[in-house]
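Hi everyone, thanks for coming.

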Amino acid sequence: MATINKGQLFRTAVLAYMSEITESPLKKFCEKQVAEGGESVTFNRIKPSKAQDGVASMYNADPTDAGDMVAIKVSIGEISAQNKVSYADMKKTKIDVKNTYVRSLGNATQLKEVGKIIAKMAALSPKATPTPYGTQCKGVQVAGYSEKADVKKVITEIRKALALAKKTPDGHSGLALVISSDDWATLSTSDYVLSADYGAVFGGGTNGEPTTFYRAEVCIVDGDTNIGGENHTMYLMPSNSVCFAEWEGSMRVDAEFHPTDAMRWHLQTYKSVGAEVAEAHVITKISTAVVS
């Protein structure tokens, strides 16, 4: 088979894989737009209207009498994932949606989308705890994720966040528990959780893997204990509290053959995406890190 055909097969397989893989749970909890082009995407939110005693004049110019429009601008930037493959490995590998290189680059691109969302939440995280509601996330500190007192605090914050989730402009109420795989293993297997009420703690899932923890949907960030650049941090993100935008048809794939390079096949994926926090005050950061 000619090398040019291998490249064409790879590009087709990656695009097919990206179209068929399940959307990342965290991205699912965002308010999303797919735009045709431009430098940014604007999400419009309407503040709640207010009721009052009596009949107010419709000619009153006071903007507090009615809900006004809030524009949330999401800037778009390119993300990419790269891999280099030897000529021999590429030649002896069947290129389809099950191919390791195809899945590796597709999964890396999806994980980077999640990273964009987490980075925006981390930028609005409090530097001291507790922090009053406002333009920052609410901050809560715990000593760890295994002792009874700390697990109870996490559960308390989840219940509070579930109540906040009902206030977001969304067709369904929901809450994402953004957590690293290491911290999830510690939290979900703590003696207190397992001895308290196992049936009520976890929900959903197949093959023994739960998808919810106290009704919060578990969104595991694989292999990363430093969410937002701090050790052992998790976020409680109500649905539609973050806006996510991408360009229509921005996903593209390169498969270049370089005959004089030791790793002759250069593989790369690209996508144009962006995220912005719409309602920081409903997002809760739970951290074991020491913050100033």
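When I say buried, I mean under 20% relative accessible area, with exposed being over 50% and partly exposed in between, using a 1.4 Å probe and protein chains only. By that rule C219 is buried, at a relative accessible area of 4%, and C243 is buried too, at 0%.

A word on where this comes from: it is a predicted model, where local features need pLDDT of at least 70, side-chain atom pairs count only at pLDDT 80 or more, and totals for chains, interfaces and linings use all residues. Residues are numbered from 1 along each chain as its sequence is written, and side-chain values use heavy atoms, leaving out hydrogens and water.

For C219, the nearest cysteine sulfur is that of C30, 9.5 Å away. For C243, the nearest is again that of C30, at 7.9 Å.

Now the sheet. Strands here are DSSP runs of E, at least two residues, and helices are runs of H or I, at least four, numbered from the N terminus; two strands pair if DSSP finds at least two bridges between them. Seven strands make an open, mixed sheet, ordered β5-β14-β10-β6-β9-β8-β7. At its edges sit β5 (138–141) and β7 (202–203), each pairing on one side only. Inside that order, β10 (233–238) and β14 (284–287) run antiparallel, joined by four bridges, and T233 has S287 of β14 as its bridge partner.

Key
Disulfide = S-S within 2.5 Å.
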